[in-house]
Amino acid sequence: MLLSHRIRLYPSPAQRDYFARAAGTSRRVWNWALAEWRRQLAAGEKPNAMALKKAFNCIKYSDPAWLDEGGQPWLRTIHRDAHAQPFAYLARAWTRYFEQCRAGQPAHAPRFKKKGRCRDSFYVANDKLHLEGNVVVLPKIGRVPLSEQLRWPGRIMGSSVSREADCWFIALQVEVPDDVARHCRTGDGIVGVDLGISSAATLSTGEKIAAPRALKAALRRLRIRSRRLSRKLEAAKTAFSIAGCIPKGTRLPVSKNRVCGARALARLHARIARVRADFSHKLTTRICRENQAVAIEDLNVRGMLANARLARSVADVGFYSFRRQLKYKAARYGTQIVLADRWYPSSKLCCACGVRNVTLALSERIWNCAACGTHHDRDVNAAINLERLAAGAPAAQMALPVASQAATPGTAADPGSAGGGKVTPVRYEHGQQDGSGQEKDAADLCARL
Ligand SMILES: [Zn+2]
């Protein structure tokens, strides 16, 4: 099983400088390769990553664009993995783009990377690094202390060094033997998880788990720091006598004060990301550890993020990473994930008698079943219906909408192929209310805000 461990690095100032240069090299090579790729594509040729890499190798020590002021090739000071790997990444990005286009999914072609806007990272191949306890030995710069030891035994398959605010991390991909990677579950429960905004997850046991809402908590501080940074930028523009947009290619003088401001803002963003990651990791681990089968809804996260009013709250809970983590952790704990169809009416079915409450309004947090009179909490009822789905209870399957136009093959009705169903690409369905039971969407969540 391929697992990845991301460990904080403690580089010296010289090593920090090398990391920044190596990441910059990686970015510049990507941009060069992408420009070539696009040019060849426009000329009607068939671009190919290997050929591009060969062409680059011919010019990288001689072309004036890749020489420093003294006429020396600066690329020699950076390890070759940092400028060879972008070609492989680019080929992968184009392949993925064409696959998504063919599948009719929304896709965008690979884009140029901009300094300060992209993720700073570079690749180190597995045969170029080795670990000595709490230290990693990297090419060109030598020993860099780590904050902890590598968690698993196994063969290192590759690694990448990346920056987050002003910290550097190394992510090591390790091929872990299956018997080591597998964990023992502490329970064999079956649970349905209803995701929402007011409480991030409602379990079918009735437990409601609130998300830390890291962004919401930090929003005031974020505004202050952003404003401070933007004022410093304005000051730099005034000193350079630029009004309005900065013309392309201009380099403003960078003051120490502005660098500090940018760093403070970046640290706050990094903190928000860490709080979210901590919450979703702990919750997904707990759910996988305690249950043998878990049912969640196939939420249309992309559609929700397209809604300007909702995007912030949805992003703050982190639905997408929640599902991604649940999937890979399920494999480690041997837990089965059942992905309910996007149109499965989990909120509208009465969990006691199975009658569907067609008139259930989006704002009703609690309701009474007209047929059997049971008092329901909306989220808990939905979670219980999802749990039925996980258990494969016939009551829940019988209650499935008969004519669900967009039913995805092999999800709700067939728990066996969990997560493998093809998702019908519907982009803005959150605006629809067609009584097909589809309601776990933007409008529903709006009501919860
Ligand atoms: Zn009922």
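The structure holds 19 salt bridges, a salt bridge being a side-chain nitrogen of Lys or Arg within 4 Å of a carboxyl oxygen of Asp or Glu. This is a predicted model, in which local features need pLDDT of at least 70 and side-chain atom pairs count only at pLDDT 80 or more, while totals for chains, interfaces and linings use all residues. Residues are numbered from 1 along each chain as its sequence is written, and side-chain values use heavy atoms, with hydrogens and water left out.

**Exercise 1.** Find which parts the salt bridge between R267 and D166 ties together.

Solution. Step one: the closest N and O atoms of R267 and D166 are 3.3 Å apart. Step two: R267 lies in helix α6 (residues 256-290) and D166 in the loop between β6 (155-164) and β7 (167-175), so the pair ties together parts 101 residues apart in sequence. Helices (H or I, at least four residues) and strands (E, at least two) are DSSP runs, numbered from the N terminus. Step three: R267 is partly exposed, with a relative accessible area of 40%. Buried means under 20% relative accessible area, exposed over 50%, and partly exposed in between (1.4 Å probe, protein chains only).

**Exercise 2.** Find how D278 and K282 are placed in helix α6.

Solution. Step one: D278 and K282 form a salt bridge, with 3.2 Å between the closest N and O atoms. Step two: the two are 4 residues apart in helix α6, so about one helical turn separates them. Step three: D278 is partly exposed at 38%, whereas K282 counts as exposed at 54%.

**Exercise 3.** Work out which arrangement the donor atoms make around the zinc ion.

Solution. Step one: the zinc ion is coordinated by the SG atoms of C350, C353, C369 and C372, at 2.2 to 2.3 Å. Donors are N, O and S atoms within 2.8 Å of the metal (3.2 Å for Na, K and Ca); water is not among the atoms, so sites may look incomplete. Step two: the 4 donor atoms subtend angles of 107 to 112°, which makes the arrangement tetrahedral. Four donors count as tetrahedral if all angles lie between 85 and 135 degrees. Step three: the donor residues follow the spacing C-x2-C-x15-C-x2-C in sequence. C350 lies in the loop between β12 (336-340) and β13 (366-368), and C369 in the loop between β13 and β14 (375-377), so this pair ties together parts 19 residues apart in sequence. Step four: C350 counts as buried at 1% relative accessibility, and C369 counts as buried at 6%.

Notes:
Tetrahedral: all angles 85-135°; square planar, octahedral: opposite > 155°, others 65-115°.
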